[in-house]
Amino acid sequence: MKKRSIKKVAVVGSGIMGSGIACHFANIGVEVLLLDIVPRELNAAEKAKGLTLEDKIVRNRLVNDSLKASLKSKPSPIYNQKFASRIATGNLEDDLHKISTVDWIIEVVVERLDIKQKVFEQIEKHRKPGTLITSNTSGIPIKFMSEGRSDDFQKNFAVTHFFNPPRYLKLFEVVPGPKCQQEVTDFLMIYGEKFLGKTSVLAKDTPAFIGNRIGIFGIMSLFHVVKEMGLTVEEVDKLTGPVIGRPKSATFRTIDVVGLDTLVHTANGVKDNCPKDEMRDSFVIPDFVNTMMENKWLGSKTKQGFYKRVTNKEGKREILVLDLNTMEYRAAKRPKFATLQLTKTIDNVTDRFKVLINGKDKAGEFYRKSFTSIFAYVQNRIPEISDELYRLDDALRAGFGWEHGPFQIWDAVGVAKAVALMKTEGHEVAGWVTEMLGNGIDSFYTVKDGSKYYYSIPSKQYEKIPGQDAFIILDNIREAKQIWSNSDASIQHLGSGILNIEFRSKMNTLGGGVLEAINKGIDLAEQEYEAVILGNHAANFSVGANLAMALMMAVEQDYDELAFGVRHFQDTVMRLRYSSVPTLITPRGMTFGGACEMGMHADKVIAAAETYTGLVEFGVGLIPAGAGPKDLTKRVSDLWVKDDVKLNRLRDAFINIATAKVATSAYEAFDMGFYQKGKDIVVVNADRQIATAKRHAIQMLEDGYTQPAPQKIRVLGQQALGMFLVGTDSLMHGRYASEHDKKIANKLGYIMAGGNLSEPTDVSEQYLLDLEREAIMSLFTERKTLERIQHTLKTGKPLRN
């Protein structure tokens with residue numbers, strides 16, 4: 001069988017999804033041809049320039065405007081704006097022949113069968129045999145789209161359904177066509193996971209596939225529960241957000257972002273095309289939603305939906321909420337539920353479900369109704385939409401941002417307990433569930449020998465979930481592989497002498513417990529093992545140092561203890577660089593402050609593409625003092641360039657720290673100097689990070705790892721300090737910075753210049769570390785700094801004073 005490789009992709013249709021898909025392929029280094037239709041008339045600007053419909057700039061206007069709008073959108077669809085150069089644009093009349101050079105053609109045109117069929121007819125005239133051809137449709141049956149196409153076309157035809165936005169949502173549904181070859185299906189599943197960084201989910205050709213079928217049911221069922229129980233919009237969003245492992249946007253805010261019309265379109269599609277669905281009535285649009293549709297209250301796109309942003313009489317921006325009874329907007333209220341209070345001390349979301357479903361108040365009643373409803377629904381979707389139950393959980397987690405899929409939640413509640421509740425709520429229990437319990441199997445999942453197994457309905461026993469061998473999943477090995485732990489961190493032996501240090505503090509903050517674990521892990525590796533990885537599976541690697549603890553010591557003027565803490569942090573970071581064993585780090589999500597500094601000092605960074613990192617301490621009135629300024633200064637010093645070029649690079653590094661700039665992807669972190677080309681790497685699928693780090697650690701050992709030797713740093717002294725002082729003075733006089741901002745920035749400049757030295761001088765790393773520590777300790781005595789820290793801890797936002 002011929003090996004497939006994807007070097008070039010054609011995306012036909014440049015709307016929001018088409019441009020987003022094009023950008024994501026560009027993200028992973030693939031050359032992209034993005035095509036769209038030719039405009040039928042000139043716009044005002046083109047007429048003013050005297051252009052005609054035959055001019056290329058006009059003929060490519062739609063595709064170029066769409067791509068340009070996509071690249072400007074927030075959050076950005078592309079890891080680095082430079083990657084946009086990988087995308088070529090064209091139109092379907094002049095450039096369709098170019099698809100003969102591509103390896104994969106993806107159709108992303110309007111959701112109309114007749115238009116898709118015409119597009120496929122034109123594509124087949126130029127497509128070379130064997131080329132992958134897929135559609136991003138979210139619901140049109142495959143058999144109709146490929147009807148009348150050649151045998152080769154149909155053998156290579158499938159649906160590859162991306163979720164919007166393609167860069168950020170991980171779900172990648174693969175639905176093979178009726179005649180699609182198995183090797184094509186297998187290739188798409190592997191490519192989605194390995195190269196696109198997705199969770200590939202094999203689905204059947206049924207309305208809305210898996211993600212939207214279950215996810216939209218959950219929302220529509222909730223709509224009916226809301227009216228039945230008289231719940232408000234704010235109450236529902238409080239109950240369906242982070243407390244149950246869902247995004248902060250919860251239910252109604254998410255609908256506003258996605259668009260109510262999109263939800264209604266999908267719900268109607270399921271209702272109209274699934275006549276045998278036992279819960280079809282749940283997809284009937286309730287009256288309050290119909291009213292909103294008539295009023296064009298569709299969400300963000302129409303400036304109002306379930307929420308509405310207004311400017312009040314005082315000139316301040318305010319968010320109003322829709323009252324579902326009066327259908328009028330009112331001030332938002334802060335909901336409170338006794339049941340939620342009981343979960344305040346439960347950090348693990350899985351452990352909350354039993355508490356929530358047993359609640360004695362309205363919240364408990366809501367959870368019993370909503371959870372049993374979705375349990376009742378998913379139990380009957382197998383084998384209709386999938387043969388394996390784990391695929392339903394994968395789809396909801398990857399497509400809707402749930403931490404736990406419905407069968408995982410069912411397990412957390414307790415299968416037998418949930419069955420009893422389902423009967424109480426009037427739901428029938430599927431025969432296979434009753435049979436499973438009757439056979440003594442009381443959960444849908446189990447872990448054996450470090451691998452996860454699911455209950456297979458046909459075989460009536462547990463079967464291993466395929467594809468796990470590429471990953472190291474800490475949840476599956478922690479109990480068996482843990483060799484040390486404290487309340488904030490644990491150490492696991494991954495095999496081959498490689499240790500993993502996992503942070504488990506709140507938000508993975510870097511307090512004493514985490515630092516103890518890092519030092520203990522390095523001690524163990526140097527004495528008994530071989531290498532150390534800093535890795536976890538949290539959404540955010542770490543938000544940085546424990547500010548609350550630092551604030552408490554500063555307020556109590558316990559400066560000796562605070563200075564000791566800063567020194568201990570610096571020493572720990574430096575151990576990552578100068579230990580006798582390889583140290584690797586796997587940042588993902590928010591990786592701020594001290595966590596960013598740890599990455600700068602580890603031997604190798606295995607960063608997830610979606611890593612947002614930076615030295616953000618300026619936002620709370622501090623400077624980074626965990627060796628970050630020192631190391632950025634060292635990286636400039638190491639450059640083989642003239643001093644004037646070094647000054648410019650030093651200025652860039654200074655600005656990044658002084659503005660608390662955060663890289664919006666791992667690739668931007670390279671540009672900002674946090675990661676280094678030739679040493680650090682990026683993986684698109686964060687689930688592969690720890691396994692990849694282990695592989696690199698073993699390779700480093702096999703290559704003969706040698707403990708690094710400390711090096712001197714050439715600092716520029718007064719030459720650099722003068723540049724920094726002039727710059728901060730200008731910023732303050734231009735009112736871009738407060739007087740306190742200037743004071744902090746000047747302290748940073750003093751560190752990065754190496755002090756007030758009369759000429760360029762070689763200094764030790766410890767010299768700059770001492771300057772960092774002196775600077776941050778002086779700031780902890782400043783009232784304005786303490787006010788900034790207090791404000792940030794209270795509101796989550798920086799204070800300008």
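This is a predicted model: local features need pLDDT of at least 70, side-chain atom pairs count only at pLDDT 80 or more; totals for chains, interfaces and linings use all residues.
The protein chain contains 33 helices and 25 strands. Its radius of gyration is 28 Å, close to the 28 Å that the globule rule gives for 801 residues, so the chain is as compact as a globular protein of that length. Along the principal axes, the C-alpha atoms of the protein chain fill a box of roughly 80 × 70 × 70 Å.

Of the 801 residues of the chain, 54% count as buried. Among contacts between residues at least 6 apart in sequence, 69% join residues at least 24 apart. The accessible surface of the protein chain comes to about 35400 Å². Carbon and sulfur atoms account for 51% of this accessible surface.

The protein chain carries 105 positive and 98 negative charges. The mean position of the positive charges and that of the negative charges lie 3 Å apart.

The cysteines were examined for disulfides. A disulfide is a covalent bond between the sulfur atoms of two cysteines. With a pair of cysteine sulfur atoms required to be within 2.5 Å, the count of disulfides in the model comes to zero. Burial was computed for individual cysteines, including Cys 23 and Cys 180. Cys 23 has a relative accessible area of 0% and is therefore buried, the cut-off being under 20%. Cys 180 has a relative accessibility of 14%, so this residue also counts as buried under that cut-off.

Methods
Residues are numbered from 1 along each chain as its sequence is written. Side-chain values use heavy atoms; hydrogens and water are left out. Helices (H or I, at least four residues) and strands (E, at least two) are DSSP runs, numbered from the N terminus. The radius of gyration is taken over C-alpha atoms; the globule rule is 2.2 Å times the number of residues to the power 0.38. Buried means under 20% relative accessible area, exposed over 50%, partly exposed in between (1.4 Å probe, protein chains only). Contact means heavy atoms within 4.5 Å. Accessible areas come from the Shrake-Rupley method with a 1.4 Å probe; for residues, only the protein chains shown count as cover. Lys and Arg count as positive and Asp and Glu as negative; His and the chain ends are not counted. The place of a charge is taken as NZ of Lys, CZ of Arg, CG of Asp or CD of Glu.
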